[in-house]
Number of protein chains: 2
Amino acid sequence: MIEANRPDLQSWVDIPADSDFPIQNLPFGVFSSAERSARPGVAIGDQILDLQAVAEQGLLDGLGCERTDFAQPTLNAFIDRGKAATRAVRGRVSELLREGSDLAAEAASVLVAQAEAILHLPVHIGDYTDFYSSEDHARNVGKMFRDPDNALLPNWKHIPVGYHGRASSIVVSGTPIKRPHGQTRPNDSEPPVYGPSRLLDFELEMAFVTHPGKPLGDSISTEEADDYIFGLALFNDWSARDIQKWEYVPLGPFLGKNFGSSMSPWIVTLDALEPYRVPGPLQDPEVLPYLAYEGDAHYDVALQVEIISESGAGKTVCQSNFKHMYWNMRQQLAHHAVNGCNIRGGDVMASGTISGPEPGSYGSMLEISW
Amino acid sequence: MIEANRPDLQSWVDIPADSDFPIQNLPFGVFSSAERSARPGVAIGDQILDLQAVAEQGLLDGLGCERTDFAQPTLNAFIDRGKAATRAVRGRVSELLREGSDLAAEAASVLVAQAEAILHLPVHIGDYTDFYSSEDHARNVGKMFRDPDNALLPNWKHIPVGYHGRASSIVVSGTPIKRPHGQTRPNDSEPPVYGPSRLLDFELEMAFVTHPGKPLGDSISTEEADDYIFGLALFNDWSARDIQKWEYVPLGPFLGKNFGSSMSPWIVTLDALEPYRVPGPLQDPEVLPYLAYEGDAHYDVALQVEIISESGAGKTVCQSNFKHMYWNMRQQLAHHAVNGCNIRGGDVMASGTISGPEPGSYGSMLEISW
């Protein structure tokens, strides 16, 4: 077991009982405050540990990073150090924050309340890929738009279908998204029209952030894949369904998606999710050897979507779980690199809508309003 | 007329008669040599003007750039200064290189022979978009794969169809491309197989490089579009047709394309192409107002593809022209931004295969071998 994951660890930081950020998590992000320029930090309870300040105190020396890696407005320099270094830093942060630490005073002096911080997009994203890896979602969409009796296309159970998305318009959660204008064809017997999208949707997704991969021309095996995954974020792939419907044949989604995608400010390391590994579904037909994998490579992460109206009233519209994926991250990454496509540190690969088998677990309004 | 485009200009640099780089062109690129780290330069005949050195001499002061913009291994800092600055620098370089210049000696002292230089990918590419804007190409592909009587899909004449590609695997022309492995389904009645692509193709394209656009949420009109286009490169969208065929429905090209794309080292400014403007085709049906444009927005640029075997024997397999586009760059950029998608400096937008109406002008082996 990774030491920082030990269930018995307690922090000297006062952590609210319902916090998503106990000492066993320690997600990484980028924050700024009135006194601090944008810089890496680690969430603990409702506090943030200022990693730039911790590094300047010398407390991250000797772990495979340079102090300057933490004097940056993104996590890229840190992530680019690779899995061993990011794991070591998480381990050191865990030591600093646990009860009985000799360095608690030093760490406490550089804690910032989340309420006083602005959270930023944590990485500069080189390339963004979106997969389509939930069988329930693909099946629902196939039934709606194509043939109810053959909802999955012939390739779907053989390859983790994916497409390239737009990196420039990925913003941190909470950034307002402007309703897109564009071309749609509401009536097939009439010419297309221009105007605001009338079918704006969300998509409940998770996304993983990569460590630097191999050079162009080399592939990554499913066995190696975890070493190239730094961590995961929540992801909302906003979708203008009317624009998408008119544009997407034959080259895929474009303006129906690229007006904005929201990503959570905190990246939970793959290491922190280690205790939540679960088996994936039986894959039938059997996948080709380059997509085969051993062990548990799916993750039990409860997810929900709440829509809050202008009046402040909230309504939970979806309760799903990351474990519902058909294709897992190892398979997605191995497939992405099988042709030699190079992966850079800070690339983002999203899961596609995560729908579960029950109507209450559908991860998009397209399916909820079906 | 832009002063640097004057046909009567002559350079004191000795320029081979068949050069693509007379003083009226002055394309920008990035080069290095035994003595010089990678830095911006301008091609003139078979020489390169070292822009970092020119800037250090103070000869680019007062034009809207900083000297440090030219002490970079990409053109991004320069391009990020916007159209007025890049136009002014091209104008100043034209003055330095023309016959009778007072500063000829200073400029001559920082010329480097192209034969002694290594040419690099000229920009850091934030996002890469590939359009599908040649009617002949789209019609040929439609006839081959779909319905010969309805070769163009219903949306094709209403929107410049495009998709997001992979930025990480774009390399400078001349970089070896490794034949990709991947999953294909050679026989529809049998399971898919894994192996090297057996249908590796090129695609003759041009690509434009952008100045920084507007913030997320704002659009760019066709009238404004030229101000956001820095220049053009030659582009080869390598394509594994067998991988593409199996993967691309319904979300578009992915591993069939993202193993590598080649881009020319020299970016010809849109300004330098001003004398080559020609009218585009009549667009019928009439496009929506946001895609309408005035004047000549197509460009007469002769293009050809030669395949050279290992023995060194070359064969010209295609002679085409950029003027064959149905959708022009203004329309592509206005469409790309109509939904508020933000454009960054150094983004690349490629034309899609440029096929002409005659068989000898088809821009891909897919069509040539039809």
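Predicted model: local features only at pLDDT ≥ 70, side-chain atom pairs only at ≥ 80, totals over all residues.
**Reading salt bridges**

Biologist: With which side chain does E95(B) meet in a salt bridge?

Modeller: Side chains of opposite charge can pair when their charged atoms come close. Here E95(B) meets R92(B), with a distance of 3.4 Å from N to O; R92(B) is itself partly exposed, at 22% relative accessibility. Both residues belong to helix α3 of chain B (residues 83-97), where they are three residues apart, or about one turn of the helix. Salt bridges can also share partners, as in the network that joins D201(A), E203(A), D237(A), R241(A) and K257(A).

Biologist: How many salt bridges does the structure hold over all chains, and which parts does the pair of R36(A) and D50(A) tie together?

Modeller: Over all chains there are 46 salt bridges. In one of them, the closest N and O atoms of R36(A) and D50(A) are 2.6 Å apart. Because R36(A) sits in the loop between β1 (28-32) and β2 (39-44) of chain A, while D50(A) sits in strand β3 (residues 47-50), the pair ties together parts that are 14 residues apart in sequence. D50(A) is buried, at 0% relative accessibility.

Biologist: Which salt bridge partner in chain B does R166(A) have?

Modeller: The partner is D127(B), with the closest N and O atoms 3.4 Å apart. R166(A) lies in the loop between β7 (162-165) and β8 (170-172) of chain A, and D127(B) in the loop between β5 (118-120) and β6 (128-131) of chain B, so this pair joins two chains. R166(A) is buried at a relative accessible area of 1%, and D127(B) is buried at 3%.

Methods. Residues numbered from 1 in each chain as written. Chains lettered and ligands numbered in written order. Heavy atoms only, no water. Salt bridge = Lys/Arg side-chain N within 4 Å of Asp/Glu carboxyl O. Helix = DSSP H or I, 4+ residues; strand = E, 2+ residues; numbered from the N terminus. Buried < 20%, exposed > 50% of the residue type's maximum accessible area, 1.4 Å probe, protein only.
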